[in-house]
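Try each task before reading its solution.

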Amino acid sequence: MGLTVGIIGLPQSGKTTLFNALTRAGAQISGYPTSTVQANRAVVEVPDERLARLAEIFNPRKIVPTTVEFVDVAGLGQASEDTKKQGLSAEFIGHIRNADALAVVVRCFSNPAAPHPAGSVDAERDLNELLTELTLTDLATVEKRVESAGRKAKSGDKKVIEELDFLKRLRDGLSEGKTVADMSFSTPEQAVLRELFLLTMKLRFYVVNVSEDALAEAGTLLAGDAPAPEGGELACVAAVRARARAEGAEVVAVSAKLEAELGELPPEDAAEYLGALGLPELGADRVVQAGYRALNLISFLTAGEDEVRAWTVTRGSKAPVAAGKIHTDFERGFIRAEVVHYDDLMADSGSMKTAREHGHIRLEGKDYVVRDGDIIEFRFNVSR
Ligand SMILES: Nc1nc2c(ncn2[C@@H]2O[C@H](COP(=O)(O)OP(=O)(O)O)[C@@H](O)[C@H]2O)c(=O)[nH]1
Ligand SMILES: [Mg+2]
């Protein structure tokens, strides 16, 4: 485990509603912005229909999906004059410092019962405000490091002096409105940069929160290249699409309120209701999957009598690294991997015997790059 996605966004954008939809955790939804930094945390299973299919074949004692942790953090967009000068509070940063990616919730729905704090729906404005707050917070983090490095540099330590120069350059860049992505850094500088855990450097993806009625059209708009409609909810969706594409980021549309309501139904009823709305799957599932893609993760699978299970690795990982996810001994004593791809096994009617006859079961060595959907059995020897 250990993957964490921080849900951020302006007040009343639907963060907590989405969190509840994702986790069915029943966290308190506020009808008004709260002034303190609250955080809800929950671990969510990554939906993977392949597990159920494999379970039919292997009859395991248990099925174990892989997981992602979500953290819903309030606190953005409630900037007092102090926050505007100093960035977001240490408490806010503490909650998302260790997040691997940020899910940025943008409000496009209108709801008279829960008005937008700025009085109107405007994605462009909201996105600018969000990014400004994140940048100001990073600037404050860097300022603090400039001060402490400045004190240490008095000793004349060459390494500290270099670090100070770098931190000052970074500070100046950020205060001119540049982002970290706009600047370039040497390898040692990048090492210092990573330790700063800057918020604007985190991988991020966008979640557009739309009304139930606009959900299907929003999905189509996000998937294609249709021009931005003028005004209304879809214009809002198009504005988020433009921003996400400019950043090369993922974007998904959900109706958080609908999702949260569906989450309270038994799964079969929810599926039926979704079908009636003409929607293929829960938006919550798409959010989890977008997080997975944003983090550049893939799943490999293990299957046997004991369990059918999904495991997470970074795309491009080699077989021994994947083995190490299961047990460090597996990585240390890695000999080879017996691999059959899920799609091949299904093409062979789920029969390992047929897969073997068709040459679909491969023996792979330590340089094999694991693919999403590989079903792997590792051969290892711990005494080596
Ligand atoms: N109509 C509509 N209302 C929503 C939607 N998502 C959230 N809301 C409402 O907006 C208000 C704020 O939601 P909340 O999740 O507390 O926002 P947060 O401040 O970002 O955590 C609540 O009254 C929600 O019921 C949505 O998709 N559609
Ligand atoms: Mg909230």
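## Exercise 1: the disulfide

In this predicted model, a disulfide links Cys 108 with Cys 236, the sulfur atoms lying 2.0 Å apart.

**Task.** Work out which parts of the chain the pair of Cys 108 and Cys 236 ties together, and decide whether Cys 108 is buried or exposed.

**Solution.** 
1. Start with the count: one disulfide meets the rule.
2. Check the geometry next. The angle about the S-S bond is -80°, and the link between Cys 108 and Cys 236 is left-handed.
3. Now place both ends. Cys 108 sits in the loop between strand 5 (101–107) and helix 5 (123–153), while Cys 236 belongs to helix 9, so the pair ties together parts 128 residues apart in sequence.
4. Finally, apply the cut-off for buried, under 20% relative accessible area. Cys 108 has 3% relative accessibility and therefore counts as buried. Cys 236, at 5%, is buried as well.

## Exercise 2: the nonpolar cores

**Task.** Find which residues touch the most other members of the largest nonpolar core, and which helix gives this core its largest share.

**Solution.** 
1. The largest nonpolar core has 42 residues, and Tyr 206 and Val 237 touch the most other members.
2. Helix 9 (residues 232–247) supplies the largest share of this core, with seven residues.
3. Look around Tyr 206. Setting aside neighbours within four places in sequence, its contacts include Val 104, Val 106, Leu 127, Val 240, Ala 244 and Val 252.
4. Then look for a separate, second core: this one has 27 residues, among them Val 44, Val 105, Val 252 and Ala 290.

How values were computed:
Residues are numbered from 1 along each chain as its sequence is written. Chains are lettered from A and ligands numbered from 1 in the order in which they are written. This is a predicted model: local features need pLDDT of at least 70, side-chain atom pairs count only at pLDDT 80 or more; totals for chains, interfaces and linings use all residues. Side-chain values use heavy atoms; hydrogens and water are left out. A nonpolar core is a set of buried Ala, Val, Leu, Ile, Met, Phe, Trp, Tyr and Cys residues joined through side-chain atoms within 4.5 Å. Buried means under 20% relative accessible area, exposed over 50%, partly exposed in between (1.4 Å probe, protein chains only). Helices (H or I, at least four residues) and strands (E, at least two) are DSSP runs, numbered from the N terminus. Contact means heavy atoms within 4.5 Å. A disulfide is a pair of cysteine sulfur atoms within 2.5 Å.
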